[in-house]
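Hello,

Here is the structure I promised to send over. Have a look at it first, and then read on for what turned up.

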Amino acid sequence: MNIDKLEVNYPYKNYNHLCQLLNIPSIRGNTKKKVLNELARYVKFHNEGQKIIIDEKYQIPKPKIDKRGRGENSRAANTIYGKYIDKLILDVLAQNLEKNMKTVSFSKFVLLRELEMINQDYTKGLDNKGKAAELLNMNLVHVEDFFNNSYSKLKKTLESSLNRLSCKSLITWKPVIIIVIQNGNERETHVADDYEERLITSLEVITMKELKCSDRREVVISSKWSEFKNRVNKMVKDQEYKELEKFKDFEGFEGFKYYYRGYKFNYNDFIIEELERVNRYLLEYDDRLKTKRDLNETLVTNYKASNKTRFSRNVEDKKICDELSIFQPHKVSASYVKDHDLLVDKYIKN
């Protein structure tokens, strides 16, 4: 969609007027909704009667959210994965419970890797999509599509399991910021307290503004995640936060290395009873490996099936969107399914 002719704060008299400037036919009904939904990816706007006023033009279009496939199918997918994930999460916690640790924290990607929902290459590809596209000799847009889709699905699937266990009052969990400190030859971690969280998030806001991104998801999509992390870490190390009035008296983190986002878990002894009820939750070694393998194989199979389904939907959408000049050609390219299947094998399959 070409928004070059649109001006911020100018009152376009109606939908037809806007379509003329965008050089697309002013078709009504469901197609009008598609056009306005697509426009909302490129600009922020509001209506005053029939008038449409552009509030802001985004430098980077927001990701397209496909609402199809939710409801029963989505719940069914969560159930398929959940029977593995719930079991493995409780197994991890039960192993820590044996060490008398009832509160633990994990990086999101460490936990996903522990459950074998991703492999060891996933974070490398996520951090450097350009290099991944070069190594696999494929269109960068396909790599970006894969990581944007898979990251959202993995996070949603994992947190669905955490919520199920929380509903049983077996655990409480919450997203946290974790600080890594170098103490001599040892590295120590601690969960940031409220003050430290405010400091880190304040520096993140400043950095997002510098990178012209509205939120962290946009940072990831625009392939600026490594730059974002490095900038914020440097600001903490160099104590640049002292330039901010509310943090000028903070003495800093001695030996600060970096920070990351993760999950903090609190859990009780009843997880052992729950483990025994489901299948002796403190899994035997072979059972643990089999459960991880079954989960990974299920993810790979379903992700590849989703690639074919998404491609078929793209072909359907193209029939309408072609004449509106808003469709992205890479979504119906001959290599779409093959490339996405290869990415699943490269970054998900174990």
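Predicted model: local features only at pLDDT ≥ 70, side-chain atom pairs only at ≥ 80, totals over all residues.

Arg217 and Ser152 are 65 residues apart in sequence, and their C-alpha atoms are 9.7 Å apart in space. Arg217 belongs to helix α9 (residues 216-221).

Now for the chain as a whole. The secondary structure comes to 13 helices and 7 strands. Of the 350 residues, 42% count as buried. The chain exposes about 19,400 Å², with carbon and sulfur atoms supplying 48% of that area. If you take the contacts between residues at least 6 apart in sequence, 70% of them join residues at least 24 apart.

At the start of α7, a side-chain oxygen of Asn139 comes to within 2.9 Å of the backbone nitrogen of Val141. Just after α7, Ser169 takes a positive phi of about 60 degrees.

Among the strands, I would look at β2 (residues 43-48) and β3 (residues 51-57), which pair in the antiparallel sense over 6 bridges. Asn47 has Ile52, in β3, as its bridge partner. The two strands, β2 and β3, form a hairpin with 2 residues between them. In that turn, Gly49 has a positive phi of about 65 degrees.

Side chains of opposite charge can pair when their charged atoms come close. In this model the count comes to 18 salt bridges, and a few of them are worth a visit.

Glu38 forms a salt bridge with Arg41, and the closest N and O atoms are 2.8 Å apart. Why are Glu38 and Arg41 separated by about one helical turn? Because they are 3 residues apart in helix α2 (residues 30-42). Both Glu38 and Arg41 are buried.

Arg288 and Asp91 also meet through their side chains in a salt bridge, at 2.6 Å from N to O. This pair links distant parts of the chain: Arg288 is in helix α12 (residues 285-321) and Asp91 is in helix α3 (residues 72-98), 197 residues apart. Arg288 and Asp91 are both buried.

Helix α12 holds another pair, Asp294 and Lys290, which lie 4 residues apart, about one turn of the helix. An α-helix has 3.6 residues a turn, so residues three or four places apart point the same way. The side chains of Asp294 and Lys290 meet in a salt bridge of 2.7 Å, N to O. How exposed are these two partners? Asp294 has a relative accessibility of 18% and therefore counts as buried, whereas Lys290, at 41%, counts as partly exposed.

Finally, Asp121, Lys124 and Lys346 are linked in a network of salt bridges.

Best wishes

Terms used. Residues numbered from 1 in each chain as written. Heavy atoms only, no water. Polar contact = N/O pair within 3.5 Å; in protein donor to acceptor, adjacent residues only side chain to side chain. Buried < 20%, exposed > 50% of the residue type's maximum accessible area, 1.4 Å probe, protein only. Contact = heavy atoms within 4.5 Å. Areas by Shrake-Rupley, 256 points an atom, 1.4 Å probe, with all protein chains shown as cover. Pairing = 2+ DSSP bridges. Salt bridge = Lys/Arg side-chain N within 4 Å of Asp/Glu carboxyl O.
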